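Subject: Handover of a structure

Dear colleague,

Please find the structure below, together with its sequence.

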Amino acid sequence: MIRIRNQQDTAAGGLLLAIGGLGFVLGRRLVFGTPAAMGPGFFPLVLSGLICLCGLILVLRGVRVAGPRIERFHLRPILAVLGAILTLVLLLQPLGLIPAVMLMACVAAFGQPRPRVAETLLIGAGMAAFATLIFVYALRMPMALWWFG
């Protein structure tokens, strides 16, 4: 019988194996191609294989190397991150990039037990500046910065 010595690594490895397996299932109908002439399925299937390999390594490590147990599940941070993503998706078009990213940072801050206003606003401003530099100026994506612009 196999004895799990590291619950965290084993669970993380199992999750990666499931994600990689899902990638294989969803990408199975795409043409693979060759490294010289890659088809649309080449990158997703190779990436899925690498994810599965990492998952297998973690599972094997979880069986061989002692480690910590899985800690108590915390729902608040997960809901805060999902809420932040939804905030960005729903508010990007009507408000523009800068306010949507700032609000996303504010929603994400509720994942902490005691969010700090100044820290949250500073992080939001930095993220908004970075997103503006990358998406608007570097990639030249046609994106409004503000709702009035």
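The notes below cover the aromatic pairs, one tryptophan in particular, and a surface patch.

This is a predicted model, in which local features need pLDDT of at least 70, side-chain atom pairs count only at pLDDT 80 or more, and totals for chains, interfaces and linings use all residues. Residues are numbered from 1 along each chain as its sequence is written, and side-chain values use heavy atoms, with hydrogens and water left out.

Aromatic pairs

The count comes to four aromatic pairs. Rings of Phe, Tyr and Trp (its six-membered ring) pair if their centres lie within 6.5 Å; planes under 30 degrees apart count as stacked, over 60 as edge-to-face and the rest as tilted. One of the pairs joins F32 and F42, which are tilted, at 4.8 Å centre to centre and 40° between the planes. F32 lies in the loop between α1 (7–27) and α2 (42–64) and F42 in helix α2, so this pair ties together parts that are 10 residues apart in sequence. Helices here are DSSP runs of H or I with at least four residues, numbered from the N terminus. F42 is buried, at 14% relative accessibility, whereas F32 is partly exposed, at 36%. Buried means under 20% relative accessible area, exposed over 50%, and partly exposed in between (1.4 Å probe, protein chains only).

W147 and its surroundings

The rings of W146 and W147 form an edge-to-face pair, with centres 6.2 Å apart and planes at 75°. Ring pairs link W146, W147 and F148 into a cluster. W147 is found in the segment after α5 (117–138) and counts as exposed at 54% relative accessibility, while W146 is partly exposed at 34%. Leaving aside residues up to four places away in sequence, W147 touches P94, L95, G96 and P99 (contact: heavy atoms within 4.5 Å). W147 and I98 are 49 residues apart in sequence, with their C-alpha atoms 9.3 Å apart in space.

Surface patch

A nonpolar patch on the surface is formed by F73, L75, I78, L79, V81, L82, I85, L86, V89 and L90, with about 1,000 Å² of accessible area together. Accessible areas come from the Shrake-Rupley method with a 1.4 Å probe; for residues, only the protein chains shown count as cover. L75 is found in helix α3 (residues 75–95).

Kind regards

Terms used:
Helices (H or I, at least four residues) and strands (E, at least two) are DSSP runs, numbered from the N terminus. Patches are made of residues with over 30% relative accessible area and no salt bridge: like charges are joined within 9 Å, nonpolar side chains (Val, Leu, Ile, Met, Phe, Trp, Tyr) within 5 Å. A salt bridge is a side-chain nitrogen of Lys or Arg within 4 Å of a carboxyl oxygen of Asp or Glu.
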